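Dear colleague,

Please find the structure below.

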Amino acid sequence: MAGTSRRRSLDATVNAAAPKASESGSETARRSTARRDLVTRDLLEKATRVFAEKGYENTTLQDIAAAVGVSRTALYHYVTSKEELLAMLVEQMSLGLADTLAALGERTELTAEGKLRALTDTLVRQRARSPHQFRVHDLTESVLSEPLRSRHRQARRDVLAALAGLIEEGVDKGEFKPLDPRIAAFGVLGMCNWVAWWYHPGPDFDIDAVARQLSQSAVDMVAAVDVPRGRADSAKSALAAARSGLDALERLLPGEN
């Protein structure tokens, strides 16, 4: 029964985007591409679950075909190996995050804090929505072959550099306290990525509340310390805030020889 249910699910996905006899050639081609994309996404999602449950190295293409509910021969219409599926997953995860950061960088109406909140919110929701994909992506770097391994590592470096640049922008504008942007970027990414390992949908973990709290935590990690409201005219408070900023700046300076 389970196999029949999976097969019907895949058939429904395919039929939903199947071309109609009355369509033009260009429309048929467009719908054919859409159909293939739908099936490929469904295939990737189910394959990722099998990778997560059995381990990538212990998974066979037959295991994936069984999970999708098709024969191994039918599966070859979409992929020829489990390595191809892993490559698709890596490209989707790595390049998707790079695209998100690039889009945020172009949003001039947002402050650095606004960009950091938006990025954290997006990452938390992605990790919560597709934990299996991130877990597999995180654990299989060692089995990637070239040139995919190099592209994957470069994408990770690009993401780190882009996030560090966003934080550095906030430091330059006085929104964030003086700190090492790269270390702060590692902290934000680590906090968001860990969601894939501990988050479970349900009444105990409302995703909106989780995303809000972690976004606020990311901002609190880097935000400049404001003088408490109502005490702005206090010389002692102003001096304490100035000393705190100078101490933080001094820690960033290279040691004297």
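Glutamate 169 counts as partly exposed, because its relative accessibility is 22%, where partly exposed lies between buried (under 20% relative accessible area) and exposed (over 50%), with a 1.4 Å probe and protein chains only. Lysine 115, by contrast, is buried at 5%. The side chains of these two residues meet in a salt bridge of 3.6 Å, N to O; the term denotes a side-chain nitrogen of Lys or Arg within 4 Å of a carboxyl oxygen of Asp or Glu. Glutamate 169 lies in helix H8 and lysine 115 in helix H6, so the pair ties together parts that are 54 residues apart in sequence. Helices here are DSSP runs (H or I, at least four residues), numbered from the N terminus. Salt bridges with shared partners join Lys115, Glu169 and Lys173 into one network.

This is a predicted model, in which local features need pLDDT of at least 70 and side-chain atom pairs pLDDT 80 or more, while totals for chains, interfaces and linings use all residues. Residues are numbered from 1 along each chain as its sequence is written, and side-chain values use heavy atoms, leaving out hydrogens and water.

The whole structure holds seven salt bridges. One of them links arginine 117 and glutamate 113 at 3.1 Å, N to O; both residues lie in helix H6, four residues apart.

Alanine 211 lies in helix H11 and is buried, at 0% relative accessibility. Its contacts (heavy atoms within 4.5 Å) include Asp121, Val124 and Arg125, not counting residues up to four places away in sequence.

Note on methods. Helix = DSSP H or I, 4+ residues; strand = E, 2+ residues; numbered from the N terminus.
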